[in-house]
Amino acid sequence: MKIEVWSDIVCPWCYIGKRRLESALADFDHAVEVEWRSFQLDPAFPRGEAIPVYEGLEKKFGGDVRAMTERVTELAAAEGLRYDYDHAVMVNTFDAHRLTHHAKAQGLGGEMHERLMRAQLVEGETVNDVDTLVRLSEDIGVEGAREVLTSDRYTSDVEDDIREARLLGATGVPFFVLDRKYGVSGAQPVEVFSSALRQALAGSAA
C-alpha cells in the first residue's frame, strides 16, 4: 500500500496528523510506503522574510492569537510534540520543500520532512535560512543541500505537488491519499486512520 501525504512544514496540524498516522501504522501489519508531498499554506508570504509567528498570525487573523494556538499546543502535547510558539518563526516554505525533494532523491524524504517540522514547530529554527537548512539536512545525512538551495532545482517538483493536491480536491493540509482510492483530510483521530487503512487494504484485495 502507498500513502501520499500533502503537508506543509509550518502546519501544526500536519505534525499532529503525522504522529496519528504513525500510531495507526504501528498496529497495521502490512507493508506501507509513505511519501511526503509538498503544499504551501501561505504561498504569498514573501520569500526571504521571517517574522515571529504570533506577529504573523495577528496580521493575518487578528484577535487573541495566543488563545488560538493554545488548543493545538495541547493536542500536540498529547502526541508527544512540544510546540514552542514563543520562539517559532513564520517563513515561506518553498525552499524547504525543494530541499525535501532533494532528500527524497537520496531516499531520505521522510526523514527530511520530519526534521524540518521539528525544527519549525518545536525548536524555533528559521527554516528559510540557507545555513540553517544545510545544517538540518546534514543532521540526517543529506548531501549537496547548499548547491540545491542556491539554485532553482526542484522548483517544478514542488509546483507539481501543489497542483496535484488541488486536482485531487485538497484545499488544505494535511491531506492523506491511500492507494489513490481513499482520502483522509485533516489530522483525524487514530481510529479514523486505522479504519481508512483497513478499507484501503480491503479495496486492494477486491
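How many cavities of 30 Å³ or more does the count come to? I find one. I note that this is a predicted model.

**Entry 1: the cavity**

I looked up the volume next. The largest cavity holds about 40 Å³ of space. I then listed its lining: W36, R37, S38, H97, T100, H101, K104 and H113.

Which element gives the largest share of this lining? Helix α4 does, with four residues. Strand β2 (33-38) and α4 each supply at least two lining residues. I also sorted the lining by class. Five residues are polar, two are charged and one is nonpolar.

**Entry 2: α4 against α8**

I stayed with α4 and turned to its packing. Two packed helices are described by the angle between their axes and the distance between the axes. I looked up both values. Helix α4 spans residues 94-105 and helix α8 spans residues 155-167. Their axes come within 9 Å. The crossing angle is roughly 100°. Angles of 65 to 115 degrees count as roughly perpendicular, so α4 and α8 are roughly perpendicular to each other.

Which residues meet here? From α4 I noted F94, H97, R98 and H101. From α8 I noted T155, D157, V158, E159 and D161. By class, this contact has four charged, three polar and two nonpolar residues.

**Entry 3: cross-check**

I compared the two residue lists. H97 and H101 line the largest cavity, and H97 and H101 also meet α8. T100 and K104 are among the lining residues as well.

Technical notes. Residues are numbered from 1 along each chain as its sequence is written. This is a predicted model: local features need pLDDT of at least 70, side-chain atom pairs count only at pLDDT 80 or more; totals for chains, interfaces and linings use all residues. Side-chain values use heavy atoms; hydrogens and water are left out. Axes are lines fitted to C-alpha atoms, for helices over the stretch in contact, and angles run from 0 to 180 degrees between N-to-C directions. Angles under 35 degrees count as roughly parallel, over 145 as roughly antiparallel, 65 to 115 as roughly perpendicular and the rest as oblique. Contact means heavy atoms within 4.5 Å. Ala, Val, Leu, Ile, Met, Phe, Trp, Tyr, Cys and Pro count as nonpolar, Asp, Glu, Lys and Arg as charged, and the others, Gly among them, as polar. On a 1 Å grid over the protein atoms alone, a cavity is a set of points where a 1.4 Å probe fits but cannot get out, and a pocket is an open set with protein on both sides within 12 Å along at least five of seven lines; lining residues have an atom within 4 Å of a point. Grid points are joined across faces, edges and corners, and a volume is the space filled by probe spheres set on the points.
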